[in-house]
Amino acid sequence: MAGVGVAAAVLLVVVVYATLAARWTSAESHWYLSLPRPRWQPPDLVFGVIWPLNFGALAVVGVAVALECPPRDGLRWLALFAASVVLALGWAHAFYLRHALGRAAVLLGGATVLTWALVVLTLRLVPWAGWVLVPYAGWLTIATSLAVEYRRLV
């Protein structure tokens, strides 16, 4: 039964992550659109497609880990996931609301490192689920490179 509680907590973290990220990233769209773009930034349409897929993957993987693993492993996974989400949301807040590009890049870099650690942990616990997280971790890696470049360009 403990796995169900961890699964519910995972879903809550994903919903909070998606909601706050969407709210904060749309809050300052005029400011964001005025920034010079890194050469390798994908078109805005790609962001609109990738993020819902990322949130869906996080939910599926988190629930799978919670239900398929001993409670201790599920809680360990949840703690690492939550820490990465806190840093990722810190990036969105620093970048879009505070316009603190340097701090935003550092926070997103930290989220990326924790997410790759989450991939490794997930591969050990539920191998197929670890592979499902690889595109999300790759996306955060690209986003981190963009955040660093935004800092350089501005």
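Trainee: At what angle do H4 and helix H5 pack?

Mentor: The model examined here is a predicted one. Helix H5 covers residues 101-125, and its axis lies 8 Å from that of H4. The angle at which H4 and H5 pack is about 160°.

Trainee: How are H4 and H5 directed relative to each other, roughly parallel or roughly antiparallel?

Mentor: The angle between H4 and H5 is about 160°. An angle over 145 degrees falls in one named class. H4 and H5 are therefore roughly antiparallel.

Trainee: Is the crossing of H4 and H5 left-handed or right-handed, and how do the residues of the contact divide?

Mentor: The crossing of H4 and H5 is left-handed. The residues of the contact of H4 with H5 divide into 20 nonpolar, five polar and three charged.

Trainee: How are H5 and H6 directed relative to each other, roughly parallel or roughly antiparallel?

Mentor: The axes of H5 and H6 come within 8 Å, and they cross at roughly 165°. The crossing of H5 and H6 is left-handed. Their contact includes 21 nonpolar residues, nine polar ones and one charged. With angles over 145 degrees counted in this class, H5 and H6 are therefore roughly antiparallel.

Trainee: What volume does the largest pocket have?

Mentor: The lining of the largest pocket consists of 28 residues. Helices H1, H2, H3, H4 and H6 each supply at least two residues of this lining. The volume of the largest pocket is about 590 Å³.

Trainee: Which residues of the lining lie nearest the centre of the largest pocket?

Mentor: The lining of the largest pocket holds 23 nonpolar residues, four polar ones and one charged. Nearest the centre lie Thr-25, Phe-47, Trp-51, Trp-91 and Tyr-96.

Trainee: Is the aromatic pair of Tyr-17 and Trp-51 stacked or edge-to-face?

Mentor: A search of the whole structure finds 14 aromatic pairs. In the pair of Tyr-17 and Trp-51, the rings are 6.3 Å apart centre to centre, with 75° between the planes. The pair links distant parts of the chain, with Tyr-17 in helix H1 and Trp-51 in helix H3, 34 residues apart. Since planes over 60 degrees apart form one class, the pair of Tyr-17 and Trp-51 is edge-to-face.

Key: Residues numbered from 1 in each chain as written. Predicted model: local features only at pLDDT ≥ 70, side-chain atom pairs only at ≥ 80, totals over all residues. Heavy atoms only, no water. 1 Å grid on protein atoms, 1.4 Å probe; cavity = no way out; pocket = protein on both sides within 12 Å on 5 of 7 lines; lining within 4 Å. Points joined across faces, edges and corners; volume = space filled by probe spheres on them. Helix = DSSP H or I, 4+ residues; strand = E, 2+ residues; numbered from the N terminus. Nonpolar A, V, L, I, M, F, W, Y, C, P; charged D, E, K, R; others polar. Axes fitted to C-alpha atoms, helices over the stretch in contact; angles between N-to-C directions. Parallel < 35°, antiparallel > 145°, perpendicular 65-115°, else oblique. Left-handed = near helix turned anticlockwise from the far one by under 90°. Phe/Tyr/Trp six-rings, centres within 6.5 Å; stacked < 30°, edge-to-face > 60°.
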